Each structure stands twice: as C-alpha cells, then as structure tokens.
Amino acid sequence: MKFSRPRKTSNIFLLIASFVIVSLILWNTNSFFKKFKEEERYKMEIWATAQSELLQSSEDRDLGNLHVKIFQNNTATPMILVNQDGSIKTNNMEEDAVSDPEYVQKQIERFREENTPIAIDYKGEHLATLYYGNSEVLNKLKYYPIALLLIIFLFGAVIFFFFRTNKASEQNKLWAGMAKETAHQIGTPLTSLLGWNELLRAENINPAITSEIDKDISRLQTITERFSKIGSLPKLEPADIVEETRQAYDYLKLRSSKLIHFSFHSKVENFPVLLNRSLYNWTIENLVKNGIDAMKGKGHISIEILPDGKYVQILVSDTGHGIAKGDYNSIFTPGFTSKKRGWGLGLSLVKRIVEEYHQGKIKVLSSSKEGTIMQISLKSLGSS
C-alpha cells in the first residue's frame, strides 16, 4: 500500500496535466479560427466596398489599380453576388455547377448559415447582396479540433492498452511466481512424508493405511508438478484425449459427494492430440469443481467428447445457477470470482493452460438458470 499512493498521485497529476494541455490547444485553435474568420469577413467587406464603387462608376471612369488588385487577390473564398435586378454572379466556384439555378440557391442558403450576408449599398440605395462561404483553409481549420481530439483519443487508447497489457503481464508473473513458490514449499514436507511412510511400512503398520497415505502423497506430487509448470512452457506429448478425460472423470467421481450425478460420453473411442497430461487433468478438475460449486454440491455433471473435423470438443456441463451473459469473458480474468471465498484464479489458469500451452480455445458455450456448458477445443495430432 505504501507504493500505490505515490503512483496513484502521479497518475492523477498526469491526467490533470493532459486535460489542461488539451484544453489549451483547443482554446487556442478556437481563438485562431475566430480571428481568421474575422479577417476573412473584413476582406469580404473590402471586396463589397470595391464592388459598390464599381457598380456606381461610369464606363469612362478609371477606378485605378486598387480595385483590380482587390478583385484579383480574392481567389479562395466562394461568393455569390445577387444584384438588385435578380441577376447572379459567382466567384471561386465550379463553373459547371453554377449553371444549375437549384444548386446556386442551395449554396446561397448554406453561405447564409455560415456567414452573415453583406448588403452592398451606395448613398442609401441597395445595389446587391453578397453571400460568401468559408474558404478551404477555414473549413480545414474548423475540423482541426475534431481531428486533434481523435488523435489524442487514439493516443490515449494506445497508452491505456499498453499499461493494461503491462499490468496483465505483471499479474501473470506474480501468479507464476506464487505457483512456483507453492510447489517449492510443498516439496520439503512431501519428501518428509515419503520417508515417514517408509518407516510406517517397516513397523508393519496396516498396509491399507500406508496405501492410502501413498495415494495422498501421489496426489500432492501431482499438485506440485502442476504448480511448477505454471510460468514455463510445458512439454506436450501425444496422448488420447478420450482416455485422459476419462481418467480425470473417474478420479473426480470417486471423490465427490453422492449427491453429484456424473455422466461421461464420447462419440469416438480415441482421439490423439498433443497434450500435457498433468495440466489437462487440472483443467478438467477446475471446470468440474466450478460446476459443483455452482450447483451448491447437488446436481448433474456431464462430460462429452465430440470430434469436429481437425478439432475435438470437450463439453463440461453442470446444472448450476448459470453465468450472466456479460460475465462470459470476465470469468477468465485473474481475480474475478462470484464466490464469497475464492481467489478467482481457477478459470484464468484454465484459459492459460488451454490457449497458451495447448493452442486451443475455451469459452462459455451456453449458460442459463438450468446450467452452464463450457467448451474446450483442441487440435488433433495431425493438424497444423
């Protein structure tokens, strides 16, 4: 807890600083847009004044080079000049399009929404009305804040997923380290138990007792082997998925409550796959135990094996209370649990064993108040 507070404070500081910087950029961009729009308005007013003098001038009057420069320099802003007599003159617009009166009328309406029209008057007499739109540069500048926000959003998303992935990697290392340490800690008393059991045999103790102790020792050895393989790449060997599943099924059936009814069915007698037997048995045990917990110790557990081309599907069904649809993916997240007592590691380990170690897939096939079906998909031995 001592280390989390400074990190949390720094994250809040970075978040506030980023918000302030983005706000300043957007404010500055908006101010620049308004200023540019005002300058464009000023230019159009100058153009309108020059146009007013042109309309009132006689044919033999020389207006000089200033008016010519004003008219020639305005090459970016689209304009529509509507004279008093209803005639229309366009500038900086597509020549083919302006021949269509309907198109011109639509542009007048659009220009009116973008900018207030400029009335061209001379000595109290209305000569024309100038409608003008935003220049190409101004239009690009208008959408710049949106593009900037999109870039910032994408950048933030990249940072978020980077830290999320980094955090997940740290969690994986933590769980792997805990698993290996657990295996190491179990190893010492396990060796001692082996020695004590041999001494009991030497004392001619009832063989049934030492035999049961042997079973428990074997079970502890299996658990130690499983935990020691977490965090490292396990060795996969050719194995019959039907036989391995049946062995895990038989072990769980013998050690479960009589209130749990087990059923096993396979549509093939054998199906070869690359498998780590110890970890696969652990996967089946976890799924079955989760099903038993969901049924609160009473119900029906079914395991079914179905060939599917180059794949084999292992379905583990229970008659428990079901999983909320929104939690279908969350249940595989480390730490997620619906139990009052639990670490939320079982299904996350199952997912890692199936997908990372065996290159298979696991998902919630279906779930309702009547029960849940979990599906494991593994490739056959011959498929690439």
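Student: Which strands form a hairpin here, and how many residues sit between them?

Tutor: Keep in mind that this is a predicted model. The hairpin is made by β3 and β4, with 2 residues between them. One of the turn residues, Lys123, has a positive phi of about 55°.

Student: How many bridges hold the pairing of β3 and β4, and in which sense do they run, parallel or antiparallel?

Tutor: Strands count as paired if there are at least two bridges between them. Here β3 (residues 118-122) and β4 (residues 125-132) pair over 5 bridges, in the antiparallel sense. Look at Tyr122: Glu125 in β4 is its bridge partner. Asp121, in turn, stands opposite His126 of β4.

Student: What is the strand order in the open sheet?

Tutor: Read it as β2-β1-β4-β3, 4 strands with antiparallel pairing. β2 (88-91) and β3 are at the edges with a single partner strand each, so one side of each has no neighbour in the sheet. From one strand to the next, the twist averages 20°.

Student: Which helix packs on the sheet?

Tutor: That's α4 (residues 101-114), which touches β1 (79-83), β2 and β4. Its direction makes about 105° with that of β1.

Student: And at what angle do α7 and α8 pack?

Tutor: Angles of 65 to 115 degrees count as roughly perpendicular, and under 35 as roughly parallel. Helix α7 (residues 241-254) and helix α8 (residues 277-294) pack at about 50°, with axes 10 Å apart, and they are therefore oblique to each other. Their crossing is right-handed. Among the contact residues are Ala248 and Leu252 of α7 and Ile284 and Val288 of α8. By class, this contact has 7 nonpolar, 2 polar and 4 charged residues.

Conventions
Residues are numbered from 1 along each chain as its sequence is written. This is a predicted model: local features need pLDDT of at least 70, side-chain atom pairs count only at pLDDT 80 or more; totals for chains, interfaces and linings use all residues. Side-chain values use heavy atoms; hydrogens and water are left out. Axes are lines fitted to C-alpha atoms, for helices over the stretch in contact, and angles run from 0 to 180 degrees between N-to-C directions. Angles under 35 degrees count as roughly parallel, over 145 as roughly antiparallel, 65 to 115 as roughly perpendicular and the rest as oblique. A crossing is left-handed if the near helix is turned anticlockwise from the far one by less than a right angle, and right-handed if clockwise. Contact means heavy atoms within 4.5 Å. Ala, Val, Leu, Ile, Met, Phe, Trp, Tyr, Cys and Pro count as nonpolar, Asp, Glu, Lys and Arg as charged, and the others, Gly among them, as polar.
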